[in-house]
Amino acid sequence: MTKRAWSLIAIALLAIGAAVIYLSGPSDRAPASTFVLLDGSKKTTGDLRGQVTLVNFWATSCASCVAEMPEMVATHQKYQSRGYQTLAVAMSYDPPAYVVNFTQTRKLPFQVAIDNTGEVAKAWGDVRLTPTTYLVNKRGQIVKRYVGTPDFDELHLLIEKLLAEA
C-alpha cells in the first residue's frame with residue numbers, strides 16, 4: 001500500500017471515530033423551561049442541573065400514564081437519595097383539579113407541574129403523545145426519550161450509569 005492510501009485510511013478511521021462519539025453521546029440540551037408546580041412555586045430547567053432527572057409528560061386521562069405511575073413512584077423512591085429526581089408534567093388539557101386529586105390520592109412523592117399553556121410540552125419537542133418521558137443527565141443533556149411506557153429495567157440500568165458519572 002502506498003503512503004497516500006494509508007493516509008486516506010487513517011483519515012477515514014478518524015472520521016468514523018468522531019462520528020461514533022458524536023452520535024453516541026448526548027448532545028441535546030434540555031430546553032429552557034419554567035415548570036409551575038402544584039404549590040404555585042416554579043422550577044426551571046437550570047434547577048435540574050447536578051441531578052439525574054426524569055421529566056414525564058402525562059395526563060390523568062391517559063390509561064398508560066396511570067398504569068405506569070406506580071413504577072415511576074418506585075423508581076423515584078429507589079434512586080432519590082442518590083441524586084435522582086422525578087418531575088411529572090401534566091398536559092395542558094388535563095383539568096388542574098384532576099391533577100391535584102390524582103397527586104394527592106396516589107401520594108406521589110415527586111414534584112408535579114401543570115403545563116397550563118402547553119408551552120413546556122412545545123419546548124420539549126412538541127410533546128403530544130402521553131406518556132412521553134425524558135431522562136436528563138447531571139449536565140442538563142437529554143440522554144433518552146421514551147414515547148409510551150419505558151422499559152423500567154432498561155431505565156434503571158441507564159439511571160445507575162448516569163448517577164455514577166461525575
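**Figure 1. The largest nonpolar core of the predicted model.** In this predicted model, the largest nonpolar core comprises 44 residues. The residues with the most contacts inside this core are V55, F57, W58, Y84, F110, W124 and L135. Helix α5 gives the most to the core, contributing six residues. In soluble globular proteins, nonpolar side chains tend to be buried together.

**Figure 2. Surroundings of L135.** Neighbours within four places in sequence are left aside in this view. The contacts of L135 then include V52, T53 and L54, together with Y84. Q141, I142, V143 and K144 are also in contact with L135. L135 itself is among the residues with the most contacts inside the largest nonpolar core, and L135 is buried on one side of strand β7, together with T133.

**Figure 3. Strand β7 and its two faces.** Strand β7 spans residues 132–136, and five of its five residues are buried. T132, Y134 and V136 lie on one side of the strand, and T133 and L135 on the other. Both faces are covered. The loop between α4 (119–123) and β7 contains P131, and the peptide bond from T130 to P131 is cis, with omega near -5°.

Figure 4. Strand β4 (residues 52–58) runs antiparallel to β7 and is joined to it by five bridges. Within this pair, T53 stands opposite V136, and F57 stands opposite T132. Strand β8 (residues 141–147) also pairs with β7 in the antiparallel sense, over five bridges. Here the bridge partner of T133 is Y146, while T132 stands opposite V147. The hairpin of β7 and β8 has four residues between the strands, and G140 in this hairpin takes a positive phi near 80°.

Figure 5. Six strands form an open sheet in the order β1-β8-β7-β4-β5-β6, with mixed pairing. The edge strands are β1 (28–29) and β6 (111–114), each of which pairs on one side only. Strand β1 is joined to β8 by two bridges, and these two strands run antiparallel. R29 has Q141 of β8 as its bridge partner. In the chain as a whole, the secondary structure comes to five helices and eight strands, and from the N terminus the elements run α-β-β-β-β-α-β-α-β-α-β-β-α.

**Figure 6. Helices α3 and α5 against the strands.** Helix α3 (residues 96–105) lies across β4, β5 (84–90) and β6, and runs at about 170° to β6. Helix α5 (residues 152–164) packs on the sheet, where it touches β4, β5, β7 and β8. The direction of α5 makes about 175° with that of β8. K161 is placed in helix α5 and counts as exposed because its relative accessibility is 53%. K161 and N137 are 24 residues apart in sequence, and their C-alpha atoms are 9.9 Å apart in space. Among contacts between residues at least 6 apart in sequence, 70% join residues at least 24 apart.

**Figure 7. Two non-glycine residues with positive phi.** K107 lies in the loop between α3 and β6 and has a positive phi of about 50°, although it is not a glycine. With a relative accessibility of 67%, K107 counts as exposed. D126 is found in the loop between α4 and β7. D126 is not a glycine either, yet has a positive phi of about 55°. Its relative accessible area is 35%, so D126 is partly exposed.

**Figure 8. Confidence and the segment of residues 17–26.** The protein chain averages a pLDDT of 89, and 85% of the residues score at least 70. Over residues 17–26, however, pLDDT stays under 50. For this segment the model has four contacts beyond four places in sequence. Where pLDDT is low, the predicted coordinates should not be read in detail. The protein chain exposes about 9,200 Å², of which carbon and sulfur atoms supply 58%.

Definitions and conventions: Residues are numbered from 1 along each chain as its sequence is written. Side-chain values use heavy atoms; hydrogens and water are left out. Buried means under 20% relative accessible area, exposed over 50%, partly exposed in between (1.4 Å probe, protein chains only). Two strands pair if DSSP finds at least two bridges between them. Contact means heavy atoms within 4.5 Å. Axes are lines fitted to C-alpha atoms, for helices over the stretch in contact, and angles run from 0 to 180 degrees between N-to-C directions. pLDDT is the predictor's confidence in each residue, from 0 to 100. A nonpolar core is a set of buried Ala, Val, Leu, Ile, Met, Phe, Trp, Tyr and Cys residues joined through side-chain atoms within 4.5 Å. Accessible areas come from the Shrake-Rupley method with a 1.4 Å probe; for residues, only the protein chains shown count as cover.
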